[in-house]
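User: I have a structure open and want a quick tour. Can you walk me through it?
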Amino acid sequence: MHSAGSVSDKSAVSLRGITKRYGETLALDSISLEIGANQTVALLGPNGAGKTTLLHILCTILTPDSGSAELAGIDLLRHPMKARKHLGVVFQEPSLDDRLSVYENLDFHGLVYQVPWRTRRKRIDEVLDLVELSEWRNEIVRSLSAGMKRRLEIARALMHESRVILLDEPTVGLDVQSRARIWQYLEELRRTRELTVIVTTHYIEEVEGFDQIFIIDKGSVIAQGTPDFLKKSHGQQLLRFTPRDDRAEAEILELYPNITRIHSGQLLLQSADPETIDGFLHQFGTRVRHLDVDSASLESVFIALTGRELRDKPADGKEKAPTAGNRDSKLAR
Ligand SMILES: Nc1ncnc2c1ncn2[C@@H]1O[C@H](COP(=O)(O)OP(=O)(O)OP(=O)(O)O)[C@@H](O)[C@H]1O
Ligand SMILES: [Mg+2]
């Protein structure tokens with residue numbers, strides 16, 4: 001495993017040898033990781049990598065088959081209820097009660113977490129202000145847009161004194177504006193209170209400013225570090241293209257056996273050496289279409305390490321439908 005970066009001395013999350021199977025499927029294969037306090041961290045991985053399973057273990061709704069886990073110094077397996085007090089969660093699947101109002105959803109959550117009513121009232125005002133939903137406080141959740149519901153779920157995760165907040169695909173299926181707003185809140189929180197933020201996302205560009213990235217594939221952490229470290233150590237130049245005809249494709253594949261097929265007839269040439277790309281373009285530049293060069297981005301790191309793109313794409317080249325937060329097609333305000 002490759003590792004580097006800025007883990008602070010105080011640990012917010014510490015996992016050792018966490019393994020989880022669902023029948024024959026090995027979802028997590030002895031994962032160990034440390035996340036420092038006050039860090040913003042992303043778990044990146046293709047569909048089925050094990051990200052949600054890992055978050056479910058961290059939020060104590062799932063028990064691992066083996067291994068140990070600590071959150072804010074508390075043993076998660078022995079004292080799950082104690083750990084939950086420090087934990088805010090935004091699940092991949094929407095989990096608001098949409099028959100209740102915005103206010104009622106927050107108040108009920110505070111009640112479950114035994115936040116005294118005076119504090120609850122104060123905190124509801126604060127979190128609604130943070131996610132700009134104050135004027136919607138008496139609205140029934142069903143009538144909110146997808147973006148507003150997602151922001152409300154973030155507000156709810158902040159109702160109690162959480163030291164760690166877990167967000168599973170908080171922005172999937174949202175429009176660009178709502179996505180930007182969600183990251184803005186998280187950034188604001190990080191500046192104003194002691195909080196470790198752990199996020200999974202399929203939007204790789206969203207994690208450029210993060211402290212640490214863990215790349216997860218097939219239930220294992222295959223690389224970790226700051227975005228810069230990962231780019232320096234695994235960044236490659238990527239060249240995506242479509243051959244103009246079958247003959248061009250056959251010749252290209254014969255000369256460049258390492259080329260991989262991605263989606264909708266596109267091929268991918270990856271190389272750490274810029275001269276390889278130059279040589280290819282010189283030779284085949286006029287016989288390919290849809291040419292796209294990508295230099296040492298986080299996406300190229302991801303492809304170099306996993307051999308896959310972050311978002312599964314079927315043969316028609318369209319993205320796979322997001323799995324959460326998008327059932328309501330109304331645009332965010
Ligand atoms: N309840 C379950 N029962 C059986 N298999 C499961 C269950 N939950 C997850 N799996 C399997 O475990 C593996 C890891 O799934 P997980 O949902 O953790 O992945 P993920 O990284 O969150 O994927 P995605 O990006 O699609 O959300 C997959 O092979 C998945 O099919
Ligand atoms: Mg998931």
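This is a predicted model: local features need pLDDT of at least 70, side-chain atom pairs count only at pLDDT 80 or more; totals for chains, interfaces and linings use all residues.

User: Fine. How many helices and strands does the chain have?

Analyst: The chain has 10 helices and 14 strands. Of its 333 residues, 38% count as buried. Take the contacts between residues at least 6 apart in sequence: 73% of them join residues at least 24 apart.

User: Which residues surround ligand 1?

Analyst: Tyr 22, Thr 25, Ala 27, Gly 45, Asn 47, Gly 48, Ala 49, Gly 50, Lys 51, Thr 52, Thr 53 and Gln 92. By class, that shell has three nonpolar, eight polar and one charged residues.

User: Which element gives the most to that shell?

Analyst: Helix H1 does, with three residues. H1 covers 51-58, and strand E2 (25-36) also supplies at least two residues.

User: Staying with H1, is His 56 buried or exposed?

Analyst: His 56 lies in H1. His 56 is buried, with 20 other C-beta atoms within 10 Å. Setting aside residues up to four places away in sequence, His 56 touches Ile 61 and Leu 62.

User: How far apart are His 56 and Asp 168 in space?

Analyst: They are 9.6 Å apart, C-alpha to C-alpha. In sequence they are 112 residues apart.

User: Which strands does E7 pair with?

Analyst: Strand E6 (residues 87-90) joins E7 through four bridges, and the two run parallel. Gly 88 stands opposite Ile 165 there. E7 also pairs with strand E8 (residues 196-200), in the parallel sense over five bridges. In that pair, Leu 166 stands opposite Ile 198.

User: What else is Leu 166 in contact with?

Analyst: Leaving out neighbours within four places in sequence, the list is Leu 55, Leu 58, Cys 59, Leu 87, Val 89 and Ile 198. Leu 166 is also among the residues that touch the most other members of the largest nonpolar core.

User: New topic. What is the strand order in the open sheet of four strands?

Analyst: The order is E12-E13-E11-E14, with antiparallel pairing. Strand E12 (260-261) and E14 stand at the edges with a single partner strand each, so one side of each is left without a neighbour in the sheet. E12 and E13 pair over two bridges. Arg 261 stands opposite Leu 267 in E13.

User: Last one, H10. Which of its residues are buried?

Analyst: H10 runs over residues 298-306, and its buried residues are Leu 298, Ser 300, Val 301, Phe 302 and Ile 303.

User: What covers them?

Analyst: The cover includes helix H7 (227-234). It also includes strands E3 (40-44), E9 (212-217), E11 (237-243), E13 (267-271) and E14 (288-295). Just after H10, Gly 307 takes a positive phi of about 70 degrees.

Conventions: Residues are numbered from 1 along each chain as its sequence is written. Chains are lettered from A and ligands numbered from 1 in the order in which they are written. A residue is near a molecule or strand if its C-beta atom, placed from the backbone, lies within 6 Å of it. Ala, Val, Leu, Ile, Met, Phe, Trp, Tyr, Cys and Pro count as nonpolar, Asp, Glu, Lys and Arg as charged, and the others, Gly among them, as polar. A residue is buried if 20 or more other C-beta atoms lie within 10 Å of its own, exposed if 12 or fewer, and partly exposed in between; C-beta atoms are placed from the backbone. Two residues are in contact if their C-beta atoms, placed from the backbone, lie within 7 Å. A nonpolar core is a set of buried Ala, Val, Leu, Ile, Met, Phe, Trp, Tyr and Cys residues joined through C-beta atoms within 7 Å. Two strands pair if DSSP finds at least two bridges between them.
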